[in-house]
Amino acid sequence: PAAGNEPFPAPAMPGAGSELVQAQVCWGQESGRAHPALAIPALPPKGARSLCGIHLGVIFIIWAISSWFRRGPAPQEQSSTGGTPRAPSRNLFPKDTLMDLYVYISEHEHFTDFNVSSALFWQKRDLVYGDWTSGENADGCYEHYGEVDISQSVQQNGSIYIHVYFTKSGFHPDPRQKNLYRRLATVHTSRMINKYKRRRFQKTKNLLTGETEADPEMIKRAEDYGPVEVISHWHPNLTINMVDDHTPWVKGSVPPPLDQYVKFDAISGDYYPILYFNDYWNLQKDYFPINESLQRLPFRLSFCPLSLWRWQLYAAQSTKSPWNFLGEDLYEQSDEEQDSVKVALLETNPYLLALTIIVSIVHSIFEFLAFKNDIQFWNSRQSLEGLSVRSVFFGVFQSLVVLLYILDNETNFVVQVSVFIGLLIDLWKITKVMDVRLDRDNKVAGVLPRVSFKDKSTYIESSTKVYDDMAFRYLSWLLFPLLGCYAVYSLLYLEHKGWYSWVLSMLYGFLLTFGFITMTPQLFINYKLKSVAHLPWRMLTYKALNTFIDDLFAFVIKMPMMYRIGCLRDDVVFFIYLYQRWIYRVDLTRVNEFGLSGEDTVTPPPPHPSTPPTVLPPPPGAPKPPEDKKKD
């Protein structure tokens, strides 16, 4: 948070104690004491600007990759009336032009109230275009802080706009002042500065008592406005950037997404200076809702010059893909996910951050290789000796619970598809570990053929089935009591939408907490067989490497402690696999599926010199050596 400002009292907001209203008040530090984040969060933070310069190099990598997916069709170069190509244009504001800044705040999208003094929020004279050395911090930046009075309309979800005018020194932005207004000496841009966000309300209660901890006013609002309410939010920081650029752009040939910002004069053909509202570093958690309890809104406005290449980075990251077909809900969740990336950019060591980006690419490669080798292993597997078939069925149960849980909690479409594909793969594995067939003689309800499952012969005839049954019997002694205790705890102390949601959330929470125990049956089978030769080691190695990479992400990016513990316990299980591989080494006396052992391929020791060599007769049908052919 920017220092030097008195903290504002936290506005009274309905449902502040409810889990359903998120990120309404966040806390920072100033002068050694906590205060609400309304005392102006970062804009970006002054102390982080030098660090941001380093991080922009990392953002450039992200921008270069994402630009390939964001770009639309390239604009065609337009020609003039005579058919000749258009001549390059120039910036209407040459380098070092003296400028005046006028900032107005209004509830109207089109501003005309230049005579209303209360609408003028900031006026700054004699700014120099392209000046990077002036200002309080000698970086060309200026700041202005104030409070914005809002009307009842804004309090009730109305919009509020900012109108920014730059004029050459001595001119005025009001077109009605004929002597002081010049069209080519005035550049103007505006935007809505409040942000509309969806707030979802889930009506939950304790299933035994029927009571809820949700705020009564929130419950009433949910009954009035429905489960989804659109609420206007406010962020107290905004930066106005003027791009220091004098590129001879050609109208119709400016590449996207820059063409959205370069404005050409219809008569002269030249372009106006590029103005950009920069809110990239405004985190979603710092927005707070506007309601009837607020009479004035804190607002810190900054003006800074911006280089062309940095502006390209910001513009590429701020532009949403034109190929979006997943709806606005995905973009809302994408904003929340981008916050974690921005926090990592601000708070993580640049070298560690660069390492994380490289490792994340390696993570994707390992994920693909693990997927490929897993499919290849089960597709080519002929014998099930040493493999836990019950673990495959338990994996299907886990995937089904996760899919039903995310469907019940309205997770975004991409996650739903990925989990559904994982479930299909687990179902396919059942066909590889069991004989599945359709019994058309015994139909279900006389209509649908019955699906029958039968253990494969390689599983029944081996000792693996005995050990698999034994492992799950021992495992049930631990899992069922833990499941019962967790179910009672969830029913007594947690709120749910209904009994169906309680079953799903209870099973999901249980699997999230104790799911690693289901990996132990394979360890037990390995112990009984004293062998690990039957395991898909390539797939396990790739997944283990990804687990170690997840450990890195778990400590770079903020996430729940339970997830970090989950990464650690997966590491422990894999180390146990490695220990078993070390103690159950290659046994040369074991006979393989061809009836041969490792000793059959070992070269015997050379005979003693005093012992005459033993001449073995050639096998029948073998070709004679050349010496015997000569004798014949």
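Predicted model: local features only at pLDDT ≥ 70, side-chain atom pairs only at ≥ 80, totals over all residues.

Let's start at one asparagine and look at its neighbours. Leaving out residues up to four places away in sequence, N194 touches G158, S159, I160, S232, H233 and I290. If you want to find N194 in the picture, look in the loop between strand 7 (186-192) and strand 8 (195-200).

Is N194 buried or exposed? Its relative accessible area is 3%, and anything under 20% counts as buried, so N194 is buried. Two of those neighbours also come up when you check polar atoms. The side chain of N194 makes a polar contact with the side chain of S232, at 2.9 Å.

Where is confidence highest, and where is it lowest? The top spot goes to strand 6 (residues 161-168), with a mean of 96, while strand 1 (residues 27-30) comes in lowest, with a mean of 30. Over residues 66-81 the pLDDT stays under 50, and the model has 28 contacts beyond four places in sequence for them. Residues 321-328 also stay under 50, and here the model has 10 such contacts beyond four places in sequence.

Now zoom out to the whole chain. You can count 15 helices and 15 strands in it. Of its 632 residues, 41% are buried. Take the contacts with a separation of 6 or more: 77% of them are between residues 24 or more positions apart.

Next, pick out two helices. In general, two packed helices are described by the angle between their axes and the distance between the axes. Helix 7 (residues 389-408) packs with helix 10 (residues 464-493) at an angle of about 50 degrees, and their axes are 8 Å apart. An angle between 35 and 65 degrees is called oblique, so helix 7 and helix 10 are oblique to each other. Which residues make the contact? On the helix 7 side they are V389, R390, S391 and F394, and on the helix 10 side they are D468, D469 and F472. Sorted by type, the residues of this contact are 3 nonpolar, 1 polar and 3 charged.

Finally, let's look at some backbone details. Most residues other than glycine have a negative phi, and most peptide bonds are trans. Against that background, D126 has a positive phi, near 60 degrees. You'll find D126 in strand 4 (residues 120-128), and with a relative accessible area of 48% it is partly exposed. N157 has a positive phi too, near 75 degrees. N157 sits in the loop between helix 2 (152-155) and strand 6, and it is partly exposed, with a relative accessible area of 30%.

What kind of peptide bond joins P256 and P257? That one is cis, with omega at about 0 degrees. To see P257, go to the loop between strand 10 (237-243) and strand 11 (275-278).

Conventions:
Residues numbered from 1 in each chain as written. Heavy atoms only, no water. Axes fitted to C-alpha atoms, helices over the stretch in contact; angles between N-to-C directions. Helix = DSSP H or I, 4+ residues; strand = E, 2+ residues; numbered from the N terminus. Parallel < 35°, antiparallel > 145°, perpendicular 65-115°, else oblique. Contact = heavy atoms within 4.5 Å. Nonpolar A, V, L, I, M, F, W, Y, C, P; charged D, E, K, R; others polar. Buried < 20%, exposed > 50% of the residue type's maximum accessible area, 1.4 Å probe, protein only. Polar contact = N/O pair within 3.5 Å; in protein donor to acceptor, adjacent residues only side chain to side chain. pLDDT = per-residue confidence, 0-100.
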